[in-house]
Amino acid sequence: MSNLSVVERLKEAGMMTNVLRVAQPNADLKEFQTLMNEMGFGDQLNWEVNADSGFYDEYCIAAVQEFCKKNDIEADGTEITEEIGERLIILYESLDELQDLHEAWQEDKNEIELKEGSTSKALISSFQTIMNDLGYGKQLNWSKYKNDGHYGASSIAAVTAFIADAGLEGEDPTFISDTVIQAMMVKHGAFYGKKWMDNPKQEASSSDGSTLTEFIGVNFQGKKVLADDLFLPELQKIDKYAGEFGIKIHVTSSFRKDANVKGAIVTPSKMSNHMAGHAIDMNIVFPGGWANSAYLKKSNEANWHDSVKGFIDAIRDDETLRWGGDFNTEDPVHIDDGLNVRSREEWKARFAATQLT
Ligand SMILES: [Zn+2]
């Protein structure tokens with residue numbers, strides 16, 4: 001996370017070069033070098049000797065050059081252009097998914113079944129992210145389903161196309177075979193440096209109490225859900241209620257990064273549960289319709305579909321969860337667990353733990 005933000009931050013600042021080409025070692029550049037090392041460019045960086053020098057030196061240029069070569073970008077590596085920055089962000093975001101898949105495949109290949117109804121939803125989700133990176137977003141119907149972890153018709157269509165493109169005729173697309181997954185990892189891994197599998201990306205949930213985790217629910221779709229570990233049981237309940245009433249939660253927002261947090265934690269004036277990873281914003285997909293904020297307004301409650309009414313009432317009846325439509329200032333797309341009102345101390349602790357990941 002923190003390494004991704006260095007690219008985003010510098011990209012926003014209007015290209016990295018000016019910021020990075022400084023006489024003094026630069027903390028941002030150290031972060032950037034760590035990121036490039038995680039992405040497998042340790043050889044070019046001369047990591048063993050030079051590591052995160054903090055200078056945009058010849059090694060750094062060589063690493064960026066190699067990245068460009070692997071990603072068909074014409075550039076000499078002496079600056080991080082917008083095109084390079086954007087590609088870096090996409091690939092850095094899916095690096096841990098590629099690493100997860102690779103690791104699971106090395107260790108437990110024989111116990112994993114990647115197909116419809118599989119329990120390995122997280123791995124299927126990783127697989128879908130990678131397939132999207134590889135250009136199969138259309139078949140995956142990515143804009144609608146994203147990496148939902150469900151191996152349905154769209155995933156099968158993507159794998160069918162991949163099998164044809166990779167010349168793997170004869171492979172069965174109704175599950176993800178060893179051959180297909182190996183071919184896919186080779187292809188995706190080629191966008192990274194040679195050592196992409198050697199330096200597991202700094203996980204958000206590390207041992208220092210930082211605990212930001214991706215939640216994947218059967219009845220969840222839309223944006224990726226990032227939450228504090230302590231909020232995961234609540235998300236599981238939301239997922240369960242959604243299943244009971246036959247609706248889907250279309251997530252539009254979850255954990256929010258506080259732009260003011262840069263190493264030091266300052267408690268913001270508004271203690272939003274989103275900033276502690278304890279809230280989601282959502283629309284509801286119900287049989288025959290879509291419930292957005294206008295539909296979900298309390299004043300429209302009499303017109304709600306039974307499934308929507310059942311689901312919202314289940315949230316209301318839950319001993320922990322709160323529906324934002326009942327707040328004094330109505331926020332009908334919002335669900336949280338009231339952490340900020342239950343314990344301000346606890347909120348601050350979770351805020352610090354999640355923001356600093
Ligand atoms: Zn909200």
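Mentor: Begin with a loop residue: Ala-51 lies in the loop between helix H5 (47-50) and helix H6 (58-70). Helices here are DSSP runs (H or I, at least four residues), strands are runs of E of at least two, and both are numbered from the N terminus. This is a predicted model, in which local features need pLDDT of at least 70, side-chain atom pairs count only at pLDDT 80 or more, and totals for chains, interfaces and linings use all residues. Residues are numbered from 1 along each chain as its sequence is written.

Trainee: What is the phi of Ala-51?

Mentor: Phi of Ala-51 is near 45 degrees, a positive value in a residue other than glycine. Asp-72, which is not a glycine, also has a positive phi, of about 55 degrees. Asp-72 sits in the loop between H6 and H7.

Trainee: Is Asp-72 buried or exposed?

Mentor: Count the other C-beta atoms, placed from the backbone, within 10 Å of the residue's own: 20 or more is buried, 12 or fewer is exposed, and in between is partly exposed. Asp-72 counts as exposed because it has 8 C-beta neighbours inside 10 Å. Ala-51 has 15 other C-beta atoms within 10 Å, so it is partly exposed. Over the chain, buried residues make up 37% of the 357 residues.

Trainee: How do I read a pair of helices, say H7 and H12?

Mentor: Two packed helices are described by the angle between their axes and the distance between the axes. Axes are lines fitted to C-alpha atoms, for helices over the stretch in contact, with angles from 0 to 180 degrees between N-to-C directions. The axes of H7 (residues 82-108) and H12 (residues 178-189) come within 11 Å and cross at roughly 145 degrees.

Trainee: Which residues of H7 and H12 meet?

Mentor: Two residues are in contact if their C-beta atoms, placed from the backbone, lie within 7 Å. Leu-98, Leu-101, His-102 and Trp-105 of H7 meet Ile-181, Met-185, His-188 and Gly-189 of H12.

Trainee: How far can I rely on the coordinates?

Mentor: Look at pLDDT, the predictor's confidence in each residue, from 0 to 100. The chain averages 87, and 88% of the residues score at least 70. Over residues 203-208 pLDDT stays under 50, and the model has 10 contacts beyond four places in sequence for them.
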